[in-house]
Amino acid sequence: DYDKELFEALRAKRSELAQDMEVPAYIIFSDKTLKHLAHDKPHDKTSMLKVNGVGEKKFEHFGEDFLQIINP
């Protein structure tokens with residue numbers, strides 16, 4: 001189970017980034033990855049990199065934006 005409110009906030013951020021970059025949302029993170037983020041609630045780079053679907057490159061591009069939503 002995961003935090004549905006947090007998931008929706010992460011989806012909104014993903015949509016915003018996807019529009020800015022003119023790419024499909026799934027290119028940034030899949031729904032499955034967002035659900036993992038909403039469940040695990042990583043607090044830093046190390047814990048976020050443990051989430052399936054988050055690698056160094058994706059963290060480099062998007063990690064801080066998503067960490068700010070997870071840990072306001």
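Modeller: Start with a cut-off. A residue is buried under 20% relative accessible area, exposed over 50%, and partly exposed in between. Lys41 has a relative accessible area of 39%, so Lys41 is partly exposed. Lys41 sits in the loop between helix 3 and helix 4. Keep in mind that this is a predicted model.

Biologist: What is the phi of Lys41 near?

Modeller: First the general idea. Most residues other than glycine have a negative phi. Lys41 is not a glycine, yet its phi is positive, near 45°.

Biologist: Which residue has a positive phi of about 55° although it is not a glycine?

Modeller: Glu22. Glu22 lies in the loop between helix 1 and helix 2, residues 25-28.

Biologist: Is Glu22 buried or exposed?

Modeller: Use the cut-off again. Glu22 has 73% relative accessibility, so Glu22 counts as exposed.

Biologist: Where is Asn52 found?

Modeller: Asn52 is in the loop between helix 4, residues 45-49, and helix 5. Asn52 has a relative accessible area of 52%, so Asn52 is exposed. Sequence and space can be set side by side here. Asn52 and Leu34 are 18 residues apart in sequence. Their C-alpha atoms are 9.7 Å apart in space.

Biologist: Now the helices. At what angle do helix 1 and helix 5 pack?

Modeller: Helix 1, residues 4-21, and helix 5, residues 56-70, pack at about 150°. Their axes are 10 Å apart. Angles over 145 degrees count as roughly antiparallel. Therefore helix 1 is roughly antiparallel to helix 5. The crossing of helix 1 and helix 5 is right-handed.

Biologist: Which residues make the contact between helix 1 and helix 5?

Modeller: On helix 1, look for Leu6, Ala9, Leu10, Lys13, Arg14, Leu17 and Met21. On helix 5, look for Phe62, Asp65, Phe66, Ile69 and Ile70. By class, the contact of helix 1 with helix 5 has 9 nonpolar, 3 charged and no polar residues.

Biologist: How does helix 1 lie against helix 3, and at roughly what angle do they cross?

Modeller: The axes of helix 1 and helix 3, residues 31-40, come within 9 Å and cross at roughly 135°. That makes helix 1 oblique to helix 3. This crossing of helix 1 and helix 3 is right-handed. Helix 1 brings Leu6, Phe7, Leu10, Arg11 and Arg14 to the contact. Helix 3 brings Asp31, Leu34, Lys35, Leu37 and Ala38. By class, the contact of helix 1 with helix 3 has 6 nonpolar, 4 charged and no polar residues.

Biologist: What does Lys13 touch, not counting residues up to four places away in sequence?

Modeller: Lys13 touches Asp65, Phe66 and Ile69 on that count. Separately, the side chains of Lys13 and Glu16 are joined by a polar contact of 3.1 Å.

Biologist: And Arg14: is Arg14 buried or exposed?

Modeller: Arg14 is also part of helix 1. Arg14 has a relative accessible area of 6%, so Arg14 is buried. Leave aside its neighbours within four places in sequence, and Arg14 is in contact with Ala25, Ile28, Phe29, Ser30, Asp31, Leu34 and Phe66. Arg14 takes part in the contact of helix 1 with helix 5. Arg14 also takes part in the contact of helix 1 with helix 3.

Note on methods:
Residues numbered from 1 in each chain as written. Predicted model: local features only at pLDDT ≥ 70, side-chain atom pairs only at ≥ 80, totals over all residues. Heavy atoms only, no water. Axes fitted to C-alpha atoms, helices over the stretch in contact; angles between N-to-C directions. Helix = DSSP H or I, 4+ residues; strand = E, 2+ residues; numbered from the N terminus. Parallel < 35°, antiparallel > 145°, perpendicular 65-115°, else oblique. Left-handed = near helix turned anticlockwise from the far one by under 90°. Contact = heavy atoms within 4.5 Å. Nonpolar A, V, L, I, M, F, W, Y, C, P; charged D, E, K, R; others polar. Buried < 20%, exposed > 50% of the residue type's maximum accessible area, 1.4 Å probe, protein only. Polar contact = N/O pair within 3.5 Å; in protein donor to acceptor, adjacent residues only side chain to side chain.
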